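Please open the model in your viewer and keep the selection tool at hand. The stops below are meant to be taken in order.

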Amino acid sequence: RNIDGKAWTKVNPNCGSTSFVVPDLITGQEYFFRVRAENRFGVGPPAETIQRTTARDPIHPPDPPIKLRIGLVTKNTVSLTWKPPKNDGGAPVTHYNVECLRWDRTGEVKESWKQCNRRDVEETKFTVEDLVEGGEYEFRVKAVNIAGPSRPSATVGPLVVKDQTCPPSIELKEFMEVEEGTDVKIVAKIKGVPFPTLTWLKAPTKKPDDKSPVVYDQHVNKIVDENTCTLLIQQSRRNDTGLYTITAVNDLGTASKEMRLNVLGRPGPPVGPIKFESILADKMTISWLPPLDDGGSKITNYVIEKREANRKTWVPVTNEPKECIFTVPKLMEGHEYVFRIMAQNKYGIGEPLDSEPETARNLFTVPGPPDKPTVSSITRDSMTVNWEEPEHDGGSPITGYWLERKETTGKRWTRVNRDPIKPMTLGVSYKVTGLIEGSEYQFRVSAINAAGVGPPSMPSDPALARDPIAPPGPPIPKVTDWTKSSVDLEWTPPVKDGGSRVTGYIVEFKEEGKEEWERVEIRGTKFVVAGLKEGCFYKFRVRAVNAAGIGEPGEVTDIIEMKDRIVAPDINLDASVRDRIVVHAGGVIRIIAYVSGKPPPTVTWSRDEQALPEEAKIEETAISSSLVIRNCKRSHQGLYTLLAKNDGGERKKTIIVDVLDVPGPVGMPLLTENLTNDSCKLSWFTPEDDGGSPITNYIIEKRESDHRAWTPVTYTVTRQNATIQGLIQGKAYFFRIAAENIIGMGPFTETTKEILIRDPITVPDRPEDLEVKAVTKNSVTLTWNPPKYNGGADITMYVLESRLIGKDKFHK
């Protein structure tokens, strides 16, 4: 029992040993315990604990603080920051102690470690003061909880204490989105020694170059502290949206950063005028256009109100329309109405748009009542209602029906359907759900035409919502774990509950060879059977219970031997992880694996059977091991392997990681050929790295050699060559080419030399059909035909050469 109560609670149904682990205690609660012995004659008197016992984990000193860093250093102060320890020892860290150690110029320790703080340091930062200028110091930090101080953190230093200077730098988030009326804090982290002068500028989002200084007043204020500059905008408005720039200036330089602020608010009024698409005696269909300003957020719906033209009070109609058209119901014939419409987004309702007055009128009458409906297919929470069309439709076709219900013990009729039920050729039926089991219901129907809703039918005969019930079917139990004296059982509920909710379960077990089953009644679907005999064999089964009684048992198929269990490791990847992971460069590689086994296995990670990249971080819990690489690169892809080992064996899991990025530069060289007076042909090699995705296109740009601007070549290129048309004769050009895949465009590769556009002249082809026609003792007559291609210019002459047989050299 806990110390606040007087009633004792029984912990275990059966315990055969002289020790027991009491489960399900509340952390921080104090308890008394007592034990009774039992034999075949009954239960003996209790033995009670004398002192109260608090349920809590043991407390010990915390781990050392981590990530101790040095901040600003002056001639006699040093600023330190750190992170809290990973493990607080079971009790909150109350404060920190900062210590320093001074060295002399010979490198010897001049003093022992001494505490620098005179009072407890509760934050994770501290400035050490009264240091000796030019002195060389080391620093460390200890965390303290109620159990005492931790071991010291890793030391930083040795550090020479002297004034530092550095140019300004700024850290500022790039985008912020807030709701109108919210106080906005744009916080810029500032570095620089001496501390820089700070200036804020603002420009409209659509005109980023139109910057002007921020005006400070009660609405906008600038707050500067030790290392931050905050632009505070109180109760932000839509016109506070814009591009904000902060500039920091000191003697060593200038730095600037931009941030885009988007203030979201209510939308503006819809665009009118409001049009009347149809007019009847009891309803009108109106339409309008969306507002020009949606408040920075999607329009979720429109709010419509009405008033009679001779009154001032507005009456709500609906807030459901998502489109710019709606039929306003429940109007009074002959009355003149005015409507107004307001757009709504997730931040509120905007200004209204009013209509011109219009009178409700038509030429039809409402339909007559349908015949008395009938009820069929009755269950505990649903019934099907059937009826026929009315004899008189009022001169206008029936467009739908309203179905109403009421309990026979009540007087109020409730509409069943949200939208009118569409008529069918052979009558109409509708399944009514959500009924209360054991209640008796009646139903009636009203027909609808263009003139409105007709009178209701006669009520149906009463019908009782219920199902026949029976005992439930068998659960499906299984053994999830065991030790030498206990068995963990878990089961799924029976497939058939017999028509009544399962209220509990009966767990039964017996030692092999015995006839009698021992039983325990519980409510959940898990149970630990404790106090079993080591070395013995046991059978287990589970029965479900409902209002009709106890169902058939579901039995565990195996007979369990009571001994400690050794389970080989098992690895299951998280649902977010598959055998292959594809991420974009700059994203996060996260592989979550759930590792189990007895005893708990040791876990190691590798990539391509080698060590992990330096950027990889391993996060461990009691049941999982996760590998995380943030801001990943193409070089991080590969085959990652998780290996788990214990006394029962080992298990390995491999995951292929693909990192997609834009392609690399196209390969050199870039060649030019087929040069004419208005075109040239470029050739190149595919990139060595396609970014992990096939090259879909090559982008070519050109510029004249005396210009700086690049101009795209307008057609799409999928090969490694292209003929560039439309060039100007006599002009010199540079060209550059980039590969593109589904991720984006890679870097350009540029021609190293300019290309002059002109018709090229080359040497002609060789002459054709050379023959010997006549031979004398000192002459030879030769004939030949001109070459097929003259090289772009007329043939001016031919050169004849000869050589003696056996000689190597020809002579003209």
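**Nonpolar patch**

Select Leu770, Val772, Val775, Val780, Leu782, Ile795, Tyr798 and Leu800: together they make a nonpolar surface patch of about 730 Å². The model is a predicted one. Which strand gives the largest share of the patch? That is strand 64, with 3 residues. Now pick out Leu800, a member of the patch that sits in the segment after strand 65. Leu800 has a relative accessibility of 45% and therefore counts as partly exposed, the cut-offs being under 20% for buried and over 50% for exposed.

**Negative patch**

Move on to Asp371, Glu388, Glu389, Glu391 and Asp393, which gather on the surface as a patch of negative charge. Centre the view on Glu389, in the loop between strand 33 (382–387) and strand 34 (400–407). Its relative accessibility is 39%, so Glu389 counts as partly exposed.

**Salt bridges**

How many salt bridges does the structure hold? There are 25.

Begin with Asp130 and Arg118, a salt bridge whose closest N and O atoms are 3.8 Å apart. This pair links distant parts of the chain, 12 residues apart: Asp130 is in the loop between strand 11 (125–128) and strand 12 (136–145), while Arg118 is in the loop between strand 10 (114–115) and strand 11. Are the two residues buried or exposed? Asp130 is exposed, as is Arg118.

Select Arg266 and Glu351 next. They form a salt bridge, with 4.0 Å between the closest N and O atoms. Arg266 is partly exposed, at a relative accessible area of 43%. Glu351 is partly exposed as well, at 46%.

The next selection is Glu701 with Arg736, where the closest N and O atoms of the salt bridge are 2.7 Å apart. Here too distant parts of the chain are linked: Glu701 lies in strand 58 (residues 697–704) and Arg736 in strand 61 (residues 732–740), 35 residues apart. Why does Glu701 count as buried? Its relative accessible area is 13%, and the buried class takes in values under 20%.

Then show Glu99, Arg140 and Lys142 together. Salt bridges with shared partners join these residues into one network.

**Cysteines**

For the last stop, display the cysteine side chains. How many disulfides does a search of the whole structure find? The count is 0. Select Cys100 and draw a distance to Cys116: the sulfur of Cys116 is the nearest cysteine sulfur, 3.2 Å away, and Cys100 is in no disulfide. Cys100 has a relative accessibility of 3% and so counts as buried. Finish at Cys632, which is buried with a relative accessible area of 2%.

Notes. Residues numbered from 1 in each chain as written. Predicted model: local features only at pLDDT ≥ 70, side-chain atom pairs only at ≥ 80, totals over all residues. Heavy atoms only, no water. Salt bridge = Lys/Arg side-chain N within 4 Å of Asp/Glu carboxyl O. Helix = DSSP H or I, 4+ residues; strand = E, 2+ residues; numbered from the N terminus. Buried < 20%, exposed > 50% of the residue type's maximum accessible area, 1.4 Å probe, protein only. Patch = residues over 30% accessible without salt bridge, like charges linked within 9 Å, V, L, I, M, F, W, Y side chains within 5 Å. Areas by Shrake-Rupley, 256 points an atom, 1.4 Å probe, with all protein chains shown as cover. Disulfide = S-S within 2.5 Å. Lys, Arg positive; Asp, Glu negative; His and termini not counted. Charge placed at Lys NZ, Arg CZ, Asp CG, Glu CD.
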